[in-house]
Amino acid sequence: MIHDLEALKRRLLELIKERSLKRGDFILSSGKKSNYYIDGKYITLDPEGAYLVGRIFLNTYMDVDIDAVGGLTLGADPIVGSIVALSFNLSKPLRGFIVRKEEKPHGSRRFIEGPLYEGDRVVIVEDVITTGASSLKAISAAEGEGAIVKGVFCIVDREEGGRSFLEEKGYRVNAIFKRDDILKSD
């Protein structure tokens, strides 16, 4: 098992380049066109990839007092699961929550699934940030429940304005990698 943060990142970068980076013509969820696509699910739904992302998150936020992690479904779902499971051995395990893309039409009629409480300090997680719109939707939902958003964590920042958009709104963004880290050849 790898425990050194830089070694964790190096291995995760290898996995992304091998399994997740696709070349071609793509339309992103933001509506933008791109000649590459990073399919985060090829990493976050892989046992090693999920472990690496969870460990890197926990190392990044080791000194930040947070209660829960969550994000917009579907990209955030496996990331939340990984972090929550790996946090079990910490002195203060984290809870997870998922933000629906639209309000649940029955039952509680909530946007958020999982244990999120007023006053919780949370970090929003994403696989890839492009415009920041998905993160902002998750932030709005969490804050609507009375949570305090301490930041946004993503695997890859595509460097297409999302980070600055979120930072201008007062949210700290931590990205494991930037676009150039993924696209440059070794």
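## Exercises on strands, helices and rings

Let's start with a pair of strands: β1 (residues 21-27) and β2 (residues 33-38) run antiparallel and are joined by 5 bridges. Two strands count as paired if DSSP finds at least two bridges between them. Helices (H or I, at least four residues) and strands (E, at least two) are DSSP runs, numbered from the N terminus. The model is predicted, so local features need pLDDT of at least 70 and side-chain atom pairs count only at pLDDT 80 or more, while totals for chains, interfaces and linings use all residues. Residues are numbered from 1 along each chain as its sequence is written, and side-chain values use heavy atoms, with hydrogens and water left out.

**Exercise 1.** Find the bridge partner of Arg-23 in β2, then look for a positive phi in the hairpin of β1 and β2.

*Solution.*
- Step 1: Arg-23 has Tyr-36 as its bridge partner in β2.
- Step 2: The hairpin has 5 residues between its strands, and there Gly-31 takes a positive phi near 95°.

**Exercise 2.** Work out the strand order of the open sheet and find which strands stand at its edges.

*Solution.*
- Step 1: Recall that strands of a sheet pair through backbone hydrogen bonds, either parallel or antiparallel.
- Step 2: The 6 strands follow the order β5-β4-β3-β6-β7-β8, with mixed pairing.
- Step 3: β5 (112-113) and β8 (173-178) are at the edges; each has a single partner strand, so one side of each is left without a neighbour in the sheet.
- Step 4: Now look at one pair: β3 (residues 68-72) and β6 (residues 121-129) pair in the parallel sense over 3 bridges. Val-69 has Val-123 as its bridge partner in β6.

**Exercise 3.** Describe how helix α3 packs against helix α4.

*Solution.*
- Step 1: Two packed helices are described by the angle between their axes and the distance between the axes. Axes are lines fitted to C-alpha atoms, for helices over the stretch in contact, and angles run from 0 to 180 degrees between N-to-C directions.
- Step 2: The axes of α3 (residues 47-60) and α4 (residues 77-87) come within 8 Å and cross at roughly 65°. That makes α3 roughly perpendicular to α4 (the class covers 65 to 115 degrees).
- Step 3: In contact (heavy atoms within 4.5 Å), residues of α3 including Tyr-51 and Phe-57 meet residues of α4, among them Ile-83 and Leu-86.
- Step 4: By class, this contact of α3 with α4 has 8 nonpolar, 3 polar and 1 charged residues. Here Ala, Val, Leu, Ile, Met, Phe, Trp, Tyr, Cys and Pro count as nonpolar, Asp, Glu, Lys and Arg as charged, and the others, Gly among them, as polar.

**Exercise 4.** Find how α1 and α3 pack.

*Solution.*
- Step 1: The axes of α1 and α3 are 10 Å apart, at an angle of about 140°.
- Step 2: The residues of the contact of α1 with α3 divide into 8 nonpolar, 2 polar and 4 charged.

**Exercise 5.** Count the aromatic pairs in the whole structure and classify the pair of Tyr-61 and Phe-153.

*Solution.*
- Step 1: Rings of Phe, Tyr and Trp (its six-membered ring) pair if their centres lie within 6.5 Å; planes over 60 degrees apart count as edge-to-face.
- Step 2: The search finds 4 aromatic pairs.
- Step 3: The ring centres of Tyr-61 and Phe-153 are 6.0 Å apart and their planes stand at 75°, so the pair is edge-to-face.
- Step 4: Tyr-61 lies in the loop between α3 and β3 and Phe-153 in strand β7, 92 residues apart, so to speak linking distant parts of the chain.

How values were computed: Angles under 35 degrees count as roughly parallel, over 145 as roughly antiparallel, 65 to 115 as roughly perpendicular and the rest as oblique. Rings of Phe, Tyr and Trp (its six-membered ring) pair if their centres lie within 6.5 Å; planes under 30 degrees apart count as stacked, over 60 as edge-to-face and the rest as tilted.
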